[in-house]
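Subject: Structure handover and findings

Hello,

Here is the structure for your work. My notes follow below it.

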Amino acid sequence: MGITPTYRRLSIPSSRTHRIPGIVWCLLIADALIVLSAILNEAFSRIVGQEPLLFFRLSYENNLPTWFSSSQHLLVAGLFSTLAIREIRTDIRRIGIALPALIYLVFSLDETAMLHERVSDWIDQHTIVGQVLHLTNSASGMLVCLPLVVLTVVLAGWNTRRYWKARPGVIFKCLIGTGLILISAGMLEILVNTVQNQPTLVRIESLIEEAGEMFGTTLTLWGAIELLAAERLSIHFDAMGLHVGTILGDGENIL
């Protein structure tokens, strides 16, 4: 069982590289459906005069939007991991290529394990940052986590620059996608504290925050797919585990 890239040239883009892969189309549709379900959930709750169903609310944890976002992040981490496996096997000094995979693995864990919320709880219990800045959500933890993540993303980009050269499409998708995630999940979570007394604006902010994160992840996934195709990676699964190989010009694989 395996996955084989279909692009025949390594660095010269063909017309096929401009097509949206099927999995990206599916995820874009899923993104839109989850956002739509959240909007309908809020609207229906107002019509019937009841609380919205927590399973569809974008601003809550342990529900459908959270699990979906976590799965998307994990999928991106897995794609970047395949390139890291091959490159580290080739030369251990290329270990920096593992950073993109680790970043998205942390994003995935943050969705399910609520990492930055736990950091916020610790900060609020041991400092007066939240009280001084009048923070009513987990923004105190984001004030610490966001700069660290941004620095890690910059470091990852610098250490992996050899893989982005002559591939503007990959650069654009990964850069814009990751930037959209950081702005949506990081900056908006901090800025929402300026409108905490306006429930409607808070709901709109939650919608934009979660939608931006989901669409940003899908865009990064598209960039990761194009990167693996340009690197001519072949991914195979069997009883012995995961195997990552490179496709030669005649279709032969080297593991």
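Cys26 is exposed, at a relative accessible area of 53%. Cys145 is buried, at 18%. The classes run as follows: buried is under 20% relative accessible area, exposed is over 50%, and partly exposed is in between (1.4 Å probe, protein chains only). The disulfide count comes to zero, where a disulfide is a pair of cysteine sulfur atoms within 2.5 Å.

Before the rest, two notes on how to read this. The model is predicted, so local features need pLDDT of at least 70 and side-chain atom pairs count only at pLDDT 80 or more, while totals for chains, interfaces and linings use all residues. Residues are numbered from 1 along each chain as its sequence is written, and side-chain values use heavy atoms, with hydrogens and water left out.

**Overall layout**

The protein has nine helices and four strands. Helices (H or I, at least four residues) and strands (E, at least two) are DSSP runs, numbered from the N terminus. In sequence order the pattern is β-α-α-α-α-α-α-α-α-α-β-β-β. Of the 255 residues, 42% count as buried. Areas come from the Shrake-Rupley method with a 1.4 Å probe; for residues, only the protein chains shown count as cover. Now take contacts (heavy atoms within 4.5 Å). Among those between residues at least 6 apart in sequence, 67% join residues at least 24 apart.

**Nonpolar patch**

Which residues make the nonpolar surface patch? They are Ile128, Val129, Val132, Leu133, Leu143, Val144 and Leu148, and the patch covers about 590 Å². Patch residues have over 30% relative accessible area and no salt bridge; like charges are joined within 9 Å, nonpolar side chains (Val, Leu, Ile, Met, Phe, Trp, Tyr) within 5 Å. A salt bridge here is a side-chain nitrogen of Lys or Arg within 4 Å of a carboxyl oxygen of Asp or Glu. Helix H5 (129–132) and helix H6 (139–159) each supply at least two residues of the patch. H6 gives the most, with three. Leu148 sits in helix H6. Leu148 is exposed, at a relative accessible area of 53%.

**Aromatic pairs**

The count of aromatic pairs is four. Rings of Phe, Tyr and Trp (its six-membered ring) pair if their centres lie within 6.5 Å; planes under 30 degrees apart count as stacked, over 60 as edge-to-face and the rest as tilted.

Phe55 is partly exposed at 38% relative accessibility. Trp67 is also partly exposed, at 43%.

Tyr104 and Phe107 form another edge-to-face pair, at 5.1 Å centre to centre and 75 degrees between the planes. Both lie in helix H3 (residues 98–113), three residues apart, so about one helical turn separates them. Tyr104 and Phe107 are buried.

Phe55, Phe56 and Trp67 form one aromatic cluster.

**Two residues and their contacts**

Ser70 is in helix H2. Ser70 is buried, with a relative accessible area of 8%. Leaving aside neighbours within four places in sequence, Ser70 contacts Ser108, Glu111 and Thr112.

Asn159 is in helix H6. Asn159 is partly exposed, at 37%. Not counting residues up to four places away in sequence, Asn159 touches Gly96 and Leu99.

**Positive phi**

Most residues other than glycine have a negative phi. What is the phi of Met114? It is near 55 degrees, a positive value in a residue other than glycine. Met114 is in the loop between H3 and helix H4 (115–126). Met114 is partly exposed, with a relative accessible area of 25%.

His134 is not a glycine either, and its phi is positive, about 55 degrees. His134 lies in the loop between H5 and H6. His134 is exposed, at a relative accessible area of 62%.

Regards
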